[in-house]
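Please consult the sequence and structure shown here while reading.

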Amino acid sequence: MRNIIAIAKKELTVYLTTPWAWIVFTVVSFVSSLFFIAYLIQFKDAHEQIRTMDGGWEQIGPDAQYLRNLTDGVVMPLFSTMLVVLLFVVPFLSARIFAEERRQKTLELLMTAPLTSFEIVLGKYLGGLCIVIATISTTLVYPVLLTAFGSSFSATTAEKTMTLEWPVVLLGFLALVLWGAAIHSIGTFISSLTESVIIAGLVTLCVSLVWLVIKLAAPNAAGILRDVLDYVSFEYQLRNLLRGVLDLQPLVFFASLILVFLLATHRAVESRRWV
Amino acid sequence: MAMIEVEGLTKKYRDRVAIDALSFKVAEGKIVGFLGPNGAGKSTTMKILTGFMPATEGKARVAGFDVFEKPIEAKRQIGYLPETPPLYPELTVRGFLQFVAEIKGVPRGQVKSEIDRVAKGTGVTSELDRLNSALSKGYRQRVGIAQALIGNPKLLILDEPTEGLDPRQRNEVLQLIKGLAGQHTVVLSTHILAEVKTICEQVLIIHRGKIVADETMAAITGGRENGLEEKFIQLTAN
């Protein structure tokens, strides 16, 4: 256990002393702030429009009902968008995890220290995961802002819709973490196969993009193919968590996925000993 | 007790034989020079002994532990300086040595004193708070040796520790290694014979994957000034 923590700690130090993590934090904050503002304006416009209508929300179709409260109208759409943003940035966080060690010949130090391959893989994965979670956490600033200032809306609208439902927000956050952890495990595996950080990053990005394609293709497929595509698409897996329903299925789905890729990474690291 | 016992060690890369049925022993406390032309199989042998890669055939034991069957125990006995010092450029020397101490299982309370000890021994105390990436080549090599010394392992395996250093640094590193005699068994590889003459007691010459000489320094030079060079050129002629 101490070995795993030591490796994870080293990974964190390396991430935070190089520009990588900071660039990712900045990009993610920037992009998410744009979407946050867009969703907030959409929300505000909807409410202003409703106020001028007779009958209010009862007149609106079920498709727009999610705009009724802040949690479903602003935070959850933002989190859904963040899923796609993560798909683009996590590959760049995970890319260096093994490839850089190979390039700098520091892997030799780890492999000749009294460590098991399992400890090396897990330590590195967890170190990177902390950075992935930190990246995702930057988006928590928006729910915090809404909690602090959202109540100023409530003078004009029904009290209840303007207070944020934190349990729902945290489940959405859990969905983001599961998703980020899954991409990170794939990236860790791909990084263990090459010496080049660029190649590791781009290949991981390609693999994640396949996932995006699945999400887009699923509604157009038919029959059993549609069921399968639907099932593996991240949106389907995470839909309940993003609605604020604690669902075990995505936990099992993503935990298995992470496990499979960590085992594959372990095999890849071991096999390098046997070349 | 023999610190290293190697029997019939063979390593093949696909169809190329890197080392061919090597057998040798190194007694505890000795400083051994591991010589050979470039590409003779020195680094391969060292990588197998340190458990970085496995052999195709044969056995290797370090301090009685088989490096294939008990890799963790064997690795605990070894401090290893690879050809390229494995320094993380993003860490400070102190941070790096602390990381090495942690993964080598130095008890928590002793980490600090251990870092001070190896830093003093290798003369890098003044550099402890600099980044690895800012070090000169000589200091990189010293930090590499300091890293190998952490945890006070019984066996030190140094792969070309003086490579790329200027004559002054080279001399300093050699003196440093010489100072380790007695407390550690040291195996150092090099293709610079003059270095071996000054510090080694036993010489192993490897050529095209085979051991061609395994003798004490006195026996191999035969008392002549250029004995080692003559012997080396003669043995590695074809």
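## Helix packing in chain B

In this predicted model, helix H3(B) packs against helix H4 (residues 111-122) of chain B with the axes 10 Å apart and at an angle of about 120 degrees. The crossing of H3(B) past H4(B) is right-handed.

On the H3(B) side, the residues that meet H4(B) are Arg94(B), Leu97(B), Gln98(B) and Ala101(B). Their counterparts in H4(B) are Val111(B), Glu114(B), Ile115(B) and Val118(B). By class, the residues of this contact comprise five nonpolar, one polar and two charged.

Chain A contains 12 helices and zero strands. Along its principal axes, the C-alpha trace of chain A spans about 75 × 45 × 30 Å.

One helix pair in chain A is formed by H6 (residues 117-137) and H8 (residues 166-191), whose axes come within 10 Å and cross at roughly 140 degrees. That angle makes H6(A) oblique to H8(A). The crossing of H6(A) and H8(A) is right-handed.

From H6(A), the contact draws on Lys124(A), Tyr125(A), Gly128(A), Leu129(A), Val132(A), Ile133(A) and Ile136(A). H8(A) contributes Leu176(A), Val177(A), Gly180(A), Ala181(A), His184(A), Ser185(A) and Thr188(A). The contact of H6(A) with H8(A) has eight nonpolar, five polar and one charged residues.

## Domains of chain B

Chain B is divided into domain 1, covering 1-77 + 156-238, and domain 2, covering 88-152. The centres of these two domains, taken over C-alpha atoms, are separated by 25 Å. Their contact takes eight residues from domain 1 of chain B and six residues from domain 2 of chain B.

On the side of domain 1 of chain B that touches domain 2 of chain B, strand E7 (155-159) and helix H6 (167-178) of chain B each supply at least two residues. H6(B) gives the most to this side, with three residues. The residues of the side of domain 1 that touches domain 2 divide into six nonpolar, two polar and no charged.

## Contact between the chains

The contact between the chains takes 20 residues from chain A and 21 residues from chain B. Helix H2 (71-76) and helix H3 (93-103) of chain B each supply at least two residues of the side of chain B that touches chain A. H3(B) gives the most to that side, with four residues. By class, the side of chain B that touches chain A has 11 nonpolar, five polar and five charged residues.

## Confidence of the prediction

The model scores ipTM 0.88 and pTM 0.89. Chain A averages a pLDDT of 87, and 94% of its residues score at least 70. Chain B averages a pLDDT of 88, and 100% of its residues score at least 70.

Within chain A, confidence is lowest in helix H10 (residues 223-232), at a mean of 83, and highest in H6(A), at 95.

Note on methods:
Residues numbered from 1 in each chain as written. Chains lettered and ligands numbered in written order. Predicted model: local features only at pLDDT ≥ 70, side-chain atom pairs only at ≥ 80, totals over all residues. Contact = placed C-beta atoms within 7 Å. Nonpolar A, V, L, I, M, F, W, Y, C, P; charged D, E, K, R; others polar. Axes fitted to C-alpha atoms, helices over the stretch in contact; angles between N-to-C directions. Parallel < 35°, antiparallel > 145°, perpendicular 65-115°, else oblique. Left-handed = near helix turned anticlockwise from the far one by under 90°. pLDDT = per-residue confidence, 0-100. Domains from an automatic or database assignment.
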